[in-house]
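Visitor: I have a model open and would like to go through it piece by piece. Can you take questions as they come?

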Amino acid sequence: MLYYLADFEEYFGPLRVLRYLTLRTLMAAVTATIVGFLIGPWLIAKLQRLKFGQHYDDDRTGELATRFDKKNTPTMGGLLIFFAVAVSTLLWAVPNIYIITSLFVYGSLTAIGFRDDYLKVVRGNREGISSSEKLFWQTTVTAVALLLLATNPNSAGHIRELWIPFVKEPVFMFVGVIGMIMLFIMMFFWVVGFSNAINLTDGLDGLAIGCTITVALVYGIMAYAAGNAIISEYLLIGFVPGTGELAVVCGSLVGAGMAFLWYNSHPAELFMGDTGSLALGGLIGVVAFMVQQPLTLVIVGGVFVAEALSVIIQVSFFKYTRRKTGEGRRVFRMAPIHHHFQKLGWPETKVVLRFWIISLMCALIGLGTLKLR
């Protein structure tokens, strides 16, 4: 919105700086951080008054949360991240199909996560919304997002291209009905998969949001590169006009994430809940597709992938051994894998810091794929 003030540069010359994407991305991060700090204390107090805390026993953290009681810490902190990102993006981004799609996915999944948290913490329903209902809404959101991108002339051609790391041209084109079905299935798995992966990672104070910040930083850079004709040609990646504005979204997410981390650092004053984790995973997943870097997300989001795989391996091996021997066995002491290291005696803060380091390493490797083609 503020971008359009640059049209009045003839009256006040400095307004022309609002045309610079790098400046608007930086200001978006600063704005989101400020908004997060402003609404954080109010939101925490409000949630505490409404008793929107995780008041039931959580098997994942029960015996491990020995020093600080996490059971009554307010959840639904994803609202802080959402409002900070939404306000900042609306102020600093130039509206286009990519901005509209990203905010639609983020807002819709935030609403789904909020309902899930509400049923858990207010209605006392430990399971929240049913798996089938959650899957239905996630499918609907993915379908609408793909419809928006596939029918807009500015994005229709680009969204059909499949790019993979280390290759300097698209390896596949999703054409025809079959192609669009394949594209939908792939996008669905990314949106749902990373939503669930971040949800699994959100088990220790600051862990999920810290890793999310590093992923958002990388995809902000990738969005800027994909939207710049000169840089994309130099790096031999796809040039997608308009995706540069997604750098503003990613910048907003970085700023909002830092504000949330202030309150989510150990000992946490606020949890993001499904309100945050479902939406953040979906947002990152759809941004990865729009900048033509979906498979790179497996590298950049390596911590999230490892967390999800640890649960899949643990459950699968337990069921297999129970079927074969009558007694289920486990690969890890506890899953997701961050709890395995807690069981080994690592303090919570050490687990979080070391996972942040791994996430940063994954981010740097992911950035490296832009040049190695």
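Visitor: What kind of model is it, and what goes into the values?
Guide: This is a predicted model, in which local features need pLDDT of at least 70 and side-chain atom pairs count only at pLDDT 80 or more, while totals for chains, interfaces and linings use all residues. Residues are numbered from 1 along each chain as its sequence is written, and side-chain values use heavy atoms, with hydrogens and water left out.

Visitor: What does the pLDDT average for the protein?
Guide: The average is 90, and 95% of the residues score at least 70. pLDDT is the predictor's confidence in each residue, from 0 to 100.

Visitor: Where is the pLDDT below 50?
Guide: Over residues 55–68. Beyond near neighbours in sequence, that stretch has 26 contacts in the model, a contact being heavy atoms within 4.5 Å.

Visitor: On to packing. How do helix 1 and helix 9 cross?
Guide: Two packed helices are described by the angle between their axes and the distance between the axes. For helix 1 and helix 9 (residues 246–264), the axes come within 7 Å and cross at roughly 30°. That makes helix 1 roughly parallel to helix 9. The crossing is right-handed.

Visitor: Remind me of the conventions.
Guide: Helices (H or I, at least four residues) and strands (E, at least two) are DSSP runs, numbered from the N terminus. Axes are lines fitted to C-alpha atoms, for helices over the stretch in contact, and angles run from 0 to 180 degrees between N-to-C directions. Angles under 35 degrees count as roughly parallel, over 145 as roughly antiparallel, 65 to 115 as roughly perpendicular, and the rest as oblique. A crossing is left-handed if the near helix is turned anticlockwise from the far one by less than a right angle, and right-handed if clockwise.

Visitor: Which residues meet between helix 1 and helix 9?
Guide: From helix 1 they include A28, A32, G36 and G40, and from helix 9 they include G251, G255, A259 and W262. By class, this contact has 14 nonpolar, seven polar and one charged residues. Ala, Val, Leu, Ile, Met, Phe, Trp, Tyr, Cys and Pro count as nonpolar, Asp, Glu, Lys and Arg as charged, and the others, Gly among them, as polar.

Visitor: And helix 7 with helix 10?
Guide: The axes of helix 7 (residues 207–226) and helix 10 (residues 273–290) come within 11 Å and cross at roughly 20°. Helix 7 is therefore roughly parallel to helix 10. Their crossing is left-handed. On the helix 7 side I209, T212, V215 and Y219 take part, meeting L280, I284, V287 and A288 of helix 10. Seven of these residues are nonpolar, one is polar and none is charged.

Visitor: What about helix 4 and helix 6?
Guide: Helix 4 (residues 131–151) and helix 6 (residues 176–201) have axes that come within 9 Å and cross at roughly 130°. The two helices are therefore oblique to each other. Their crossing is right-handed. Among the residues that meet are L135, Q138 and L146 in helix 4 and F184, M187 and S195 in helix 6. The contact divides into twelve nonpolar, four polar and no charged residues.

Visitor: Changing topic: which peptide bonds are cis?
Guide: One is from H266 to P267, with omega near -5°; P267 is in the loop between helix 9 and helix 10. Another is from A335 to P336, with omega near 0°, and P336 sits in the loop between helix 12 (302–325) and helix 13 (337–343).

Visitor: Is D202 buried or exposed?
Guide: D202 is buried, with a relative accessible area of 15%. Buried means under 20%, exposed over 50%, and partly exposed in between (1.4 Å probe, protein chains only). D202 is in the loop between helix 6 and helix 7, and its C-alpha atom is separated by 9.9 Å from that of E307, 105 residues apart along the chain.
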